[in-house]
Amino acid sequence: MRALTWHGRREVSVDTVPDPAIIEPTDAIIRVTSTAICGSDLHLYELLGPFLSEGDVLGHEAMGIVEDVGADVSTVAVGDRVVVPFVIACGECFMCQRGLQTQCETTQVREKGSGATLYGYTELYGSVPGGQAEYLRVLRADANCVVVPHNAPDERYLFLSDILPTAWQGVEYAGVAPGDSVAVLGLGPVGQFASRIARERGCEVIGVDPVPERRAMAERNCVRAIDVHDEIVDELRDATDGRGPAAVIDAVGMEAHGSPFAAGAQTLVGTLPDAVAKPAMMHAGIDRLAALHTAIAAVRRGGTLSLSGVYAGAADPLPMLTMFDRQLTVRMGQCNVHSWVDALMPFAGDPGDPLGIDDLVTHRAGLDEAPALYETFQKKQDGCVKVVLKPQEG
């Protein structure tokens, strides 16, 4: 089959790789009809190469049609249309039963000290081949295939694999109620959905992003959007009775703009041999923290920080005195996709599209165009907000 594979920093290509096969009786094989490039994929493209191997198949947002199932699969059948959560969970262990599928005790990558196994996301999370390919092996299919109707375009359901539940969890973790003020830092795909979800819940939402096209998309969906500038904290306070928003959702993460020292350090580590880079990143790595520091400064006293953007630094300096003095609550973590799918399914199927799911994708292409679109997405060129690939086309 054809698949998007990793070959080095900012170097990906579409190659021919072996077809996936049923290995365990709990497996399923799907023919991928749609897959997406996620902001988290850009961390692999730019920073996390030391934890990848030549030829790794990338991608963790995929859906398609079931082509084959193992002997022990009972709830999924050939011909079903399914979305695949990026988290591989068992659905039965202590953690899964508590809605913490990202901490699944059956699939935890214990030798790396990591949580549950993920598709297409480095040796830290199991080196499982990802979904930017013509076919995908779904592990533990009964727990990890979400069957969806055949009566709507893929894009109505594709985002249940990651970004829509991630945004929903971000708002849940923010702990907001109708009438509360919420600032969303970063209006990429997760930030767009988090803004719309908070708006749908009756919150006063302000989105912050330096890219005009992303602000315009937010405004189309009834979210006030403002540019990034040196006085952004003051502007957020002025818009919220001088106190700051009740909650700030950081949908940016480790590659925030405005952190030149950390950016230089990340680039330097990325040039080192893997044997040196890996321990450096695991024990002394730092993130670009501009967005997080903005969130800490802007949120009102007693407020909540909800971190949806991915952070990976092991030695990040945080202003603990400020956080303690201001009595902030911080919630974060990979998204427990399975826990939120049932709540989101009605939104995906609603013809009225209250979350504006139909207004997110800016670029659609066949798999062969994926390498160029990785670059476009990373550089925020051509108004790129979300890329959907069609592996069976072109």
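The following legends describe close-up views of a predicted model. Residues are numbered from 1 along each chain as its sequence is written, and side-chain values use heavy atoms, with hydrogens and water left out. Because the model is predicted, local features need pLDDT of at least 70 and side-chain atom pairs count only at pLDDT 80 or more, whereas totals for chains, interfaces and linings use all residues.

View A. Residues up to four places away in sequence aside, Thr304 touches Tyr173, Ala174, Ala246, Ala247, Val248, Val299 and Thr329, where contact means heavy atoms within 4.5 Å.

**View B. Salt bridge between Glu46 and Arg10.** The structure holds 20 salt bridges, each defined as a side-chain nitrogen of Lys or Arg within 4 Å of a carboxyl oxygen of Asp or Glu. In the pair of Glu46 and Arg10, the closest N and O atoms are 2.7 Å apart. Glu46 belongs to helix α1 (residues 39-46) and Arg10 to the loop between β1 (2-8) and β2 (11-16), so the pair ties together parts that are 36 residues apart in sequence. Glu46 is buried at 6% relative accessibility, whereas Arg10 is partly exposed at 45%.

**View C. Salt bridge between Arg137 and Asp27.** The closest N and O atoms of Arg137 and Asp27 are 2.7 Å apart. Because Arg137 lies in strand β6 (residues 135-138) and Asp27 in the loop between β2 and β3 (28-37), the pair ties together parts that are 110 residues apart in sequence. Asp27 is buried, its relative accessible area being 1%.

**View D. Salt bridge between Arg215 and Asp227.** The side chains of Arg215 and Asp227 meet at 3.2 Å, N to O. This pair links distant parts of the chain, with Arg215 in helix α6 (residues 212-220) and Asp227 in the loop between β10 (224-226) and α7 (232-238), twelve residues apart. Arg215 is buried, with a relative accessible area of 17%, while Asp227 is partly exposed at 33% relative accessibility.

**View E. Network of Arg2, Glu134 and Asp368.** Side chains of opposite charge can pair when their charged atoms come close.

Key. Helices (H or I, at least four residues) and strands (E, at least two) are DSSP runs, numbered from the N terminus. Buried means under 20% relative accessible area, exposed over 50%, partly exposed in between (1.4 Å probe, protein chains only).
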